[in-house]
Amino acid sequence: MSVAACASRPEKSRGRRHVESGRVVRGPRDDFQRDRDRIIHSIAFRRLRHKTQVFVAPDGDHYRVRLTHSIEVAQIGRGIARALGLNEDLTEALCLAHDIGHPPFGHAGEDALKAAMAAHGGFDHNGHTLRTLARLECPYPRFDGLNLTWETLEGLAKHNGPVTNPGWALAEIDRDFGLGLASYASLEAQVAAIADDIAYDNHDIDDGLRAGLLDLDQLMEQPFVAANYRAVEGRFPGAPRDRLLRELVRDQIGVMVNDVIAATAANVADAGVASADEVRAAGRTLGGFSPELAAAERELKRFMYANLYHHPEQLAAAEAANRVVADLFAVYAADPALMGADWAARLPGETCATNRHIGDYIAGMTDRFAIDRYADIFGRDAVPAALAHA
């Protein structure tokens, strides 16, 4: 496969913040491959195994969690990058790391942390991804963070486009690395962002059907889904419905991936970009769906919010999760020693920094760990019923 002119190249990387002199060379890896491996081997990545994707603290082994979602995003992103001649390793690193900053209980946990930290700069999961990777994850003797390349940090910061009003966590990282937040990111980062959309659009359908919160009649109200399901039925007449539905999910991913490849290639040709820096300066997103599929995908998202993400069972679980996170923050703020000796010993002292330290602690929790800490402090009977199964 030939390398596209607009691809990111590890040999042209802007480098890492800390010079790693005296480092033992562990295998023939380039800088982007090394970034990917540092992410995979991080504790923060492993914790995604027990963090909410759609269902809060799911009691079924077959539902997706943040870890399986991230792996699926990486699979899709790498395939798109290969077809477009982009750097697959950088794309994969960005896909694997993009959700590392999520607190327990997904967006419900994020909303609770945002409210609890409102007087101290707030909280957002993307900024916390950068903070985790560049500050909090500390496996190396000579520096804090994973010391990832500029391109990986930049891609994580801007994969959804330029950032005009960064929160405090991202702003701190930007001051150290100069990530050029006002410009667009590399095409690899743009591919990672659209791969995320493709993965959760379709895999959330799969999980929603499995949980019984979605049904086929509802889905067939969506023209995009209906057309793909009819095509699947035509290829496999008489096949069991559950198998047809799984084939539908695979087909829809394929349709979306092929559309992204064709639309992105056309956008790149139209913009005439001949380097990764020209992609950043293009003034618009080049990686994404065609206008027609983008419209269908927006409608599918509206359907998913109305029928799955805002389903009464989901809202009840989110309310319970919000309460757990809010109560934990309040009790730790009142008595930081309850966080445990290690975290309490590292309290910054100043009020704002202390509250951000508490936010770091809670954001790193898995769903199960948060529920267990809640039970330790308030009693097992105090755990909200919607979370008691975890």
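Five aromatic pairs occur in this predicted model. Rings of Phe, Tyr and Trp (its six-membered ring) pair if their centres lie within 6.5 Å; planes under 30 degrees apart are stacked, over 60 edge-to-face, and the rest tilted. The ring centres of Y140 and F143 lie 5.3 Å apart with planes at 35°, so this pair is tilted. Y140 is partly exposed at 28% relative accessibility, whereas F143 is buried at 12%. Buried means under 20% relative accessible area, exposed over 50%, and partly exposed in between (1.4 Å probe, protein chains only).

W343 and Y361 also form a tilted pair, 5.1 Å centre to centre with 50° between the planes. W343 belongs to helix α16 (residues 341-345) and Y361 to helix α17 (residues 351-363), so the pair ties together parts 18 residues apart in sequence. Helices are DSSP runs (H or I, at least four residues), numbered from the N terminus. W343 is partly exposed at 22%; Y361 is buried at 9%. Ring pairs link Y332, W343 and Y361 into a cluster.

Charges also sit over rings (CZ of Arg or NZ of Lys within 6 Å of the ring centre and within 35 degrees of the ring normal). The charged end of R346 is over the ring of W343, 4.7 Å from its centre. That of R14 is over the ring of W150, at 3.9 Å from the centre.

Residues are numbered from 1 along each chain as its sequence is written. Local features need pLDDT of at least 70, side-chain atom pairs count only at pLDDT 80 or more, totals for chains, interfaces and linings use all residues, and side-chain values use heavy atoms, without hydrogens and water.

Terms used. Helix = DSSP H or I, 4+ residues; strand = E, 2+ residues; numbered from the N terminus.
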